[in-house]
Amino acid sequence: MLFLTTLKVALRSLLSNKLRSILSMLGIIIGVGAVIAMLAVGRGAQNQVLSQVTALGSNLIMVMPGQFRAGGVRSAAAQTLLLDDAQAVLEEIPEVVLASPVARGNVQFKYFGENKQASIMGVATTYPAIRNFKLADGRMFTEGEIERRAKVAVLGADLAVDLYGEDPDPVDTEVRLNGVVFAVVGVLERKGAQGPFSFDDQALVPYTTAMNRILGADYINEIDLQVGDGVDLESVQARIEQLLRRRHKLRDDEDNDFHVANMAEMVEAAQSVTGVFTLLLSAVAAISLVVGGIGIMNIMLVTVTERTREIGIRKAIGAKDRDILVQFLLEAIVMSTLGGLIGILAGVSTAKAGTMVTGFPTVVSSVSIALALTFSLSVGIFFGFYPARRAAAMDPVEALSYE
Amino acid sequence: MQNVIETTNLVKTFTLGEAVVRALDGVSLAIQRGEKVAITGPSGSGKSTLMNILGCLGPADSGDYVLAGESVARLSGNRLAEIRNRYIGFVFQTFNLLPRLSALENVELPLLYGGARDARGRAQKALETVGLGNRIYHESNQLSGGQRQRVAIARAIATDPAILLADEPTGNLDTRTGQEIMALFDALHAEGRTVIMVTHDPNVAARCQRQIYIRDGRIADQTRASAQGDQACYS
């Protein structure tokens with residue numbers, strides 16, 4: 001009963017000074033709002049990365065030219081990977097089930113009036129299986145077409161829309177790639193955006209065609225490999241490295257001129273980046289929570305002084321120090337928790353609005369909401385304690401005679 | 001009759017800058033249960049200090065104070081709060097109701113602090129006793145001065161304390177309302193309550209059975225009212 005009355009008094013005194021209460025809560029509101037929004041962004045980014053793994057398959061191993069540096073792959077200018085390397089890996093490493101070379105390049109696509117700059121991927125027939133791509137229409141090109149460097153292409157979903165308009169039906173039509181006529185034999189299913197670049201914005205062509213007819217290159221940009229289920233990726237990767245070092249005739253003191261990566265590593269790299277990002281922004285948010293707490297402490301000190309007489313009256317009619325302490329502590333907690341609730345609301349709306357505007361996915365987790373509530377509650381207790389103790393320690397005679 | 005208050009040689013000093021002021025300089029007094037006593041004296045005589053000590057708001061420097069059979073001179077702050085809650089009902093000159101609380105909630109508060117059962121019912125009864133049974137949900141700023149003082153008196157008697165301690169209870173009221181409040185105190189006294197009034201007002205003091213006159217921190221004079229005066233007290 002006493003607690004209920006105490007709570008009522010706390011709420012009423014906050015309500016009787018609305019502007020002041022809201023201004024005091026602002027720090028907490030901003031702090032909590034920022035924490036919620038930042039965690040939502042971080043979580044969204046993480047989910048996106050995780051969905052990439054499942055989309056691309058976790059049995060995927062990629063071999064890329066150049067060295068791997070912490071934080072990213074060095075520019076792929078190196079021309080150290082050859083077609084024979086892909087063949088050798090497939091033949092000599094038994095765990096490798098499928099392999100496809102990738103020869104990448106940018107070309108001008110043209111279909112009647114529509115022009116578009118997009119990339120082609122010169123690949124083998126196994127590429128869709130390795131990368132988890134499915135055909136929406138038509139077919140993949142055949143071994144025979146690779147053999148004779150046929151001018152055939154399988155278009156990505158977005159590229160098809162760009163060239164043919166909504167609901168495209170490009171199969172059995174002809175497009176020009178850098179002026180050369182290609183027959184469209186199939187269209188890929190949409191994969192959705194995968195980080196910085198999209199797989200839907202490109203076309204697959206036979207690697208022989210890409211290397212000889214379009215790019216004029218004798219090297220490849222990537223080897224994509226699929227290994228069997230339950231295979232020890234580390235040991236396979238190590239053997240691939242040994243094999244390629246031998247083939248590239250690297251001395252023991254020379255670094256690899258290629259890099260072998262699996263999807264798990266790529267995810268880790270991406271996550272460590274989003275993790276650092278989330279951590280930094282959370283630190284900023286935490287600072288603003290502390291600032292908010294100081295704001296509450298400040299206003300509580302003012303309140304305690306203003307209500308000195310009230311404290312005297314309460315003590316005269318029998319309030320113990322603890323009763324006074326609870327009274328003012330509760331007021332600080334109500335203020336900070338209310339600020340926290342408003343902040344959660346603000347953070348969630350900010351995240352949702354951000355998603356609507358930029359399309360970047362955000363995920364508000366119940367954990368982050370619980371965290372924000374706990375934090376704002378603790379801020380109230382921590383920063384409310386000192387003013388409340390000052391109130392509780394007042395001498396009743398002096399408090400009663402305070403004007 | 002049994003003494004509800006007994007003090008022996010109370011001394012209290014204050015330091016104001018360099019000067020040491022002896023606000024109380026050896027006050028010994030006894031007040032019987034059911035008595036109505038006025039403590040009077042000029043400003044600075046020490047009567048407020050005496051009231052604060054009798055009200056258990058603060059300790060004396062030395063001397064003993066026995067309230068309702070219990071020595072309270074050396075008790076800690078929280079224990080004193082309990083004593084105030086159980087034995088003492090304060091009525092102040094400026095009413096000292098808590099803002100933002102209704103009359104009922106104000107009267108309930110000491111009962112809640114004391115952990116009493118049926119605080120609401122008892123508060124309601126106290127308000128009926130002072131004639132405010134119909135205004136219990138008004139906040140203090142919606143009440144007149146006389147009504148506020150009635151709420152304050154209801155709050156003072158809600159816990160059924162051993163003594164009512166009133167500090168200039170009519171000081172902020174007009175004459176007619178002051179008379180009504182004095183009549184209310186008379187009625188409460190007639191019910192058997194012990195009433196101690198600290199006052200300047202000779203008219204208020206005259207309505208008490210005994211006047212204790214304080215000057216320079218000592219009891220300078222005590223007058224016991226005549227039989228007639230005693231009668232007047234009840235009229």
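Let's start with chain B. In chain B, 68% of the contacts with a separation of 6 or more are between residues 24 or more positions apart. Keep in mind that this is a predicted model.

What is chain B built from? It has 8 helices and 10 strands. How much of chain B is buried? Of its 235 residues, 45% count as buried.

Now the sheets of chain B. There is an open sheet of 6 strands. The strand order is 6-7-8-3-9-10, and the pairing is mixed. Which strands sit at the edges? Strand 6, residues 88-91, and strand 10, residues 218-224, of chain B each pair on one side only. From one strand to the next, the twist averages 20 degrees.

Look inside that sheet. Strand 3 of chain B covers residues 36-40, and strand 8 of chain B covers residues 194-198. They pair in the parallel sense, over 4 bridges. To find the pairing on screen, go to B:K36, whose bridge partner in strand 8 of chain B is B:V195. A helix packs on this sheet too: helix 5 of chain B, residues 145-157. Helix 5 of chain B touches strand 6 and strand 7, the latter at residues 163-167. The direction of helix 5 makes about 170 degrees with that of strand 6 of chain B.

Next sheet, still in chain B. This open sheet has 4 strands, in the order 2-1-4-5, with antiparallel pairing. Why do strand 2 and strand 5 each have one side without a neighbour in the sheet? Strand 2 and strand 5, residues 70-71, stand at the edges of the sheet in chain B, each with a single partner strand, so one side of each is left without a neighbour.

Strand 1 takes residues 3-16, and strand 2 of chain B takes residues 19-32. The two run antiparallel and are joined by 11 bridges. One place to look is B:T7, with B:L29 as its bridge partner in strand 2 of chain B. How many residues lie between strand 1 and strand 2 of chain B in their hairpin? There are 2 residues between them. In the turn, B:G17 has a positive phi of about 65 degrees.

Strand 1 of chain B also pairs with strand 4 of chain B, residues 62-67. Again the strands run antiparallel, here with 5 bridges. B:E6 stands opposite B:V66 in strand 4 of chain B.

Over to the contact between the chains. It takes 22 residues from chain B and 20 residues from chain A. On the chain B side, helix 2, residues 77-87, and helix 3, residues 103-113, each supply at least two residues. Which element of chain B gives the largest share of its side? That is helix 2 of chain B, with 6 residues. By type, the chain B side divides into 10 nonpolar, 7 polar and 5 charged residues.

That brings us to chain A. Chain A is divided into domain 1, residues 2-51 + 268-400, and domain 2, residues 79-256. How far apart are the centres of these domains of chain A? Taken over C-alpha atoms, 54 Å separate them.

Zoom in on strand 11 of chain A, residues 222-227. It is mostly covered, with 5 of its 6 residues buried. Strand 1 of chain A, residues 60-65, runs antiparallel to strand 11 of chain A, and 4 bridges join them. Here A:I61 stands opposite A:L225. Strand 4 of chain A, residues 96-111, is also antiparallel to strand 11 of chain A, with 6 bridges. In that pairing, A:L98 stands opposite A:Q226.

Last stop: A:N212. This residue is found in helix 7 of chain A, residues 207-215. Why does A:N212 count as partly exposed? A:N212 has 15 C-beta neighbours inside 10 Å, and a residue is buried with 20 or more and exposed with 12 or fewer, so a count in between is partly exposed. A:N212 and A:R149 are 63 residues apart along the chain, yet their C-alpha atoms are separated by 8.0 Å.

Conventions. Residues are numbered from 1 along each chain as its sequence is written. Chains are lettered from A and ligands numbered from 1 in the order in which they are written. This is a predicted model: local features need pLDDT of at least 70, side-chain atom pairs count only at pLDDT 80 or more; totals for chains, interfaces and linings use all residues. Two residues are in contact if their C-beta atoms, placed from the backbone, lie within 7 Å. Ala, Val, Leu, Ile, Met, Phe, Trp, Tyr, Cys and Pro count as nonpolar, Asp, Glu, Lys and Arg as charged, and the others, Gly among them, as polar. Two strands pair if DSSP finds at least two bridges between them. Domain bounds come from an automatic or database domain assignment. Axes are lines fitted to C-alpha atoms, for helices over the stretch in contact, and angles run from 0 to 180 degrees between N-to-C directions.
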